[in-house]
Amino acid sequence: MAKFREYNPKELELKEKHHLLLSSVAPRPIGFTASKSKDGHVNLAPFSFHNAFSSNPPMVGISPAFSGRTGEAKNTLTNILDTKEFTLSVVSFNMVEQMNICAAEYPSDVDEFEKSGLTHHPSKVISVPGVAESPLIMECQFTEHIQFSDQPAGGNLLLGEIVYFHAKEDVFDESGKIDPHKVDQVARMGYDWYSRAKEGLFELSAPRFIPIGVDNLPQLVRDHPSFTGKLLARLASVEKIPEQDVIEDLNETYSRLSAEDMLKICAVLVEEGKVLEAWQVLYLAEII
Ligand SMILES: Cc1cc2nc3c(=O)[nH]c(=O)nc-3n(C[C@H](O)[C@H](O)[C@H](O)COP(=O)(O)O)c2cc1C
C-alpha cells in the first residue's frame, strides 16, 4: 500500500493548513481584481482563490481573506462590498512581475496601477477600469458575499455576474477562437510556485515588504524604450532606493559610456536579475 502522510486540519497550525490547501488545489487561475473605494480610489490586487461558477448567467468569484497577520479586511473586500463593481483581468506571463507588486499591502489610498506601471482599459458598463496589458478582461457586478469566518485568514467569497467581456484582437486564431498560446496565462501553485500554462513551473516570491513602485523610478528610466513593464516592475521591487556604493569593477567597465548606453546596460542587468548592480549603474550615469 502506498504510504501517505496524514493531517487533520483541526490539529494543524494555520500556516500548515494554508500550504497544504495551496499545494493541493493547484494550478489556480489568478483573478486580477480592480475595484474602487467609496471615495473613488482605484485598487488592484491578485486573488487566486478564484474561479468561474456559471455560464448562464456568467458568474465568477474571488475570495479575499481577512489578513492572516492583522485580521483586517483587504481593500478589495471593503471596496466591492461598498461599491458593488469590479473587473477581473487575466494575468499573462509578461505581466506577472507587475501583478506581483500589486500583492504588497499598500494603504487603501494607494493606486496599484501607478505602483506596477500597469494602465487602465476603460470599462463599458461599470466605472472600474480593467488592466490594458491583459489579454482578457471581465466587467463584473457584485451579487453575493459568503463569509467563512471572522478569523485571520478567514475567506470571503465574493460572487459577481460578468456584464461585459473584453478580448484583445491579437489573442484570436484564424478561425476566430481564443488561442491559449497567445493568451499565455499564468496560474498560482503552492509556496512561491506558478505555472506558465504553455511551458510549466517557475518561481516568484510575493513581496515581503512594500516596494517603492514604478511611480518612484526616475522619469528617464520609465520613458526609456529598453525598459518593458516587467523590467520597470523588477527595478521598482526594492524597499528603498539603494545607497550609492563605489564598485571599482563597475566604474572601470561602464564609466566611459554615455548615459544612454548606461541606461541600456541597466536594462540588461535588470533582465539578468542583477537589480542592485543596475541601480549602481544609474548612479554612474548620474540619473540619480
Ligand atoms: C498570485 C497571488 C494570489 C493571491 N491570492 C489571494 C487570495 O486568493 N486571497 C487573498 O486573500 N489574498 C491573495 N493574495 C494576496 C493579496 O493579493 C494581497 O493581500 C493584497 O495586498 C490584497 O490587496 P488589497 O488590500 O488592495 O485588496 C494573492 C497574492 C498573489 C501574489
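The legends below describe close-up views of one predicted model. Residues are numbered from 1 along each chain as its sequence is written. Because the model is predicted, local features need pLDDT of at least 70 and side-chain atom pairs count only at pLDDT 80 or more, whereas totals for chains, interfaces and linings use all residues.

**View 1. The shell around the ligand.** Among the 18 residues around the ligand, those that come nearest are Ala45, Phe49, Asn75, Thr76 and Ala103, where a residue counts as near if its C-beta atom, placed from the backbone, lies within 6 Å of the molecule. Two or more residues of the shell are given by each of strand E3 (42-47) and helix H2 (75-83), these elements being DSSP runs numbered from the N terminus, with helices (H or I) of at least four residues and strands (E) of at least two. Strand E3 gives the most to the shell, with four residues. By class, the shell has nine nonpolar, six polar and three charged residues; Ala, Val, Leu, Ile, Met, Phe, Trp, Tyr, Cys and Pro count as nonpolar, Asp, Glu, Lys and Arg as charged, and the others, Gly among them, as polar.

**View 2. Helix H2 and its cover.** The buried residues of H2 are Asn75, Thr76, Leu77, Asn79 and Ile80, buried meaning that 20 or more other C-beta atoms, placed from the backbone, lie within 10 Å of the residue's own. What covers these buried residues includes strand E2 (31-36), E3, strand E6 (85-89), strand E9 (136-147) and strand E10 (156-167). Just after H2, Lys84 takes a positive phi of about 65°.

**View 3. Two domains and their contact.** The domain assignment, which is automatic or taken from a database, gives domain 1 (9-203) and domain 2 (214-284), and their C-alpha centres lie 31 Å apart. Eleven residues of domain 1 are in contact with nine residues of domain 2, contact meaning that the C-beta atoms of two residues, placed from the backbone, lie within 7 Å. On the side of domain 1 that touches domain 2, helix H3 (96-101) and helix H4 (112-116) each supply at least two residues. That side of domain 1 has, by class, three nonpolar, four polar and four charged residues.

**View 4. The largest nonpolar core.** This core has 51 residues, and Leu232, Cys266 and Val281 have the most contacts inside it; a nonpolar core is a set of buried Ala, Val, Leu, Ile, Met, Phe, Trp, Tyr and Cys residues joined through C-beta atoms within 7 Å. Helix H9 (residues 259-271) contributes the largest share, six residues, while at least three residues are drawn from each of domain 1 and domain 2. Leaving aside neighbours within four places in sequence, Val281 is in contact with Leu250, Tyr254, Met262, Ile265, Cys266 and Leu269.

**View 5. The open sheet E1-E11-E12-E13.** Four strands form this open sheet with antiparallel pairing, two strands being paired if DSSP finds at least two bridges between them. Strand E1 (28-29) and strand E13 (200-203) stand at the edges with a single partner strand each, so one side of each has no neighbour in the sheet. Strand E11 (residues 186-188) and strand E12 (residues 193-196) pair over three bridges in the antiparallel sense, and Val186 stands opposite Arg196 in E12.

**View 6. Strand E10 and its partners.** Strand E5 (residues 58-62) is joined to E10 by four bridges and runs antiparallel to it, with Met59 opposite Glu161 in E10. Strands E9 and E10, also antiparallel, are joined by eleven bridges, and Glu144 stands opposite Leu159 in E10.

Conventions. A residue is buried if 20 or more other C-beta atoms lie within 10 Å of its own, exposed if 12 or fewer, and partly exposed in between; C-beta atoms are placed from the backbone.
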